[in-house]
Every structure is written in C-alpha cells, then in structure tokens.
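Please consult the sequence and the structure shown here.

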Amino acid sequence: MKSLLIALVLALGLTLSGPLAHAGFIEIGASGNFKRVNVADDVLDTQTSLTGTLAYYFTEMTALELSYTDGQQKSEVKSTVGLGQTISVNYSMVGLDFILTLGARDAILRPYFKAGAAYILEKKRTTVFEFNPAASSVSEEEPALVPSGGIGFRLLLAKGWSLKAGIDAWSSKSVSDDNVKVDYAGRIGLSWMF
C-alpha cells in the first residue's frame, strides 16, 4: 500500500510540473451496472451498482477522480420443500484515482487508465433461511483501505457529453489480510466535462 501511495504522489507531482495550458477541466459522471442470471431453475442471482464520479483534469490527459459506489448482490435458492435460502451482500465505497487519458479533450474516442485507492465503507452479508428465519445470520467486514484501478474509454457524443465505459477492480479486503481476492465491475454511463 505504501508503494502505491508513493507512485500516486510521484504521478501527481509529474503532472503538476508540466505545462498547464489546458488545465482546469471538471468532469461529472454517473454509471451503473445490472446483472440478472438464472443459474438454474431454482437459483437466481442479481447484481446492481451505481457509481458517481467527480474528476479534476490538471491537463487534457491527466486527472484526479473522486468516486462513490453503492452496490447490492442477491442470490436466491428456491426449494419446494422449504430448504431455500437468500444471501444478500450490500457494499459501499469511496475511491480516489489518478487517471491518464489518451487523446485530446475533443477526440471522439479517448481510452483511459486509472490507479489509486478505495475505502470500503461497508460490506455486509445477510443469509436468510426459508425453513428457519430465526437462524438467519448477518456478518460485516471492517472498513478497509484497498488498492484500485481500471481501464476504459470515453466516446464523445456531443460537446462536453460522453459515453463512458470501463472495468474497475479493487481488492476484496485489506491486502494485509489473508485470502485476498480481486473484485471487479463493468460500468457504463454518461459523463459531462466542462
């Protein structure tokens, strides 16, 4: 985590030391995803998330982006003999990423890469058993600071308005914990740069 923070500070320093002739752009964005999968006749999985972003461009190609994400996942296993269960996961997090965009502000297609950190505010798992609701359980993970990153592109639709699509990834919990995995989400939405 320390090396990630050092890399971010160096990237920010290099960005600010360059010419700022095109500095001062702000971009506001909103994106989301929805997924519904019928895993089997009696198993249904749904996932949703919404993300809001605010980015400040120091130059046409570099920015710092602040984001907030709220997401839910629900897996339902139905049973005709009362043995079904529902597992729900709710999470929210805030992120700060350094963004490197390829192409000028008015380019039709602008790929981007980003790296930074996210703070997982909440990650709560609830399991409800159909046959015995009293045996239901709730578990929560401690808030954690985790590395994050992503790739994507912006497609210019009209002056200032773009379609933004990409994949974001972050570690599932603090990298100092055991059994850390990578979570990721595909996102699509609109952004407005002014």
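The lining of the largest pocket comprises seven nonpolar, nine polar and six charged residues; Ala, Val, Leu, Ile, Met, Phe, Trp, Tyr, Cys and Pro count as nonpolar, Asp, Glu, Lys and Arg as charged, and the others, Gly among them, as polar. The model is predicted: local features need pLDDT of at least 70 and side-chain atom pairs pLDDT 80 or more, whereas totals for chains, interfaces and linings use all residues. Residues are numbered from 1 along each chain as its sequence is written, and side-chain values use heavy atoms, without hydrogens or water.

**Pocket lining**
- Of the 22 residues that line the largest pocket, Gln73, Tyr91, Trp170, Asp183 and Tyr184 lie nearest its centre.
- Strand β9 (182–193) is among the elements that each supply at least two lining residues, and its four residues are the largest share; strands (E, at least two residues) are DSSP runs, numbered from the N terminus.

**Glu65**
- Glu65 belongs to strand β3 (residues 62–77).
- Its relative accessible area is 0%, so Glu65 is buried (under 20% relative accessible area, 1.4 Å probe, protein chains only).

**Gly149**
- Gly149 lies in strand β7 (residues 144–158) and counts as buried because its relative accessibility is 18%.
- The C-alpha atoms of Gly149 and Lys114 are 5.2 Å apart, although 35 residues separate them along the chain.
- Beyond neighbours within four places in sequence, Gly149 contacts Lys114, Ala115, Ile167, Asp168 and Ala169.

Technical notes: Buried means under 20% relative accessible area, exposed over 50%, partly exposed in between (1.4 Å probe, protein chains only). Contact means heavy atoms within 4.5 Å. On a 1 Å grid over the protein atoms alone, a cavity is a set of points where a 1.4 Å probe fits but cannot get out, and a pocket is an open set with protein on both sides within 12 Å along at least five of seven lines; lining residues have an atom within 4 Å of a point.
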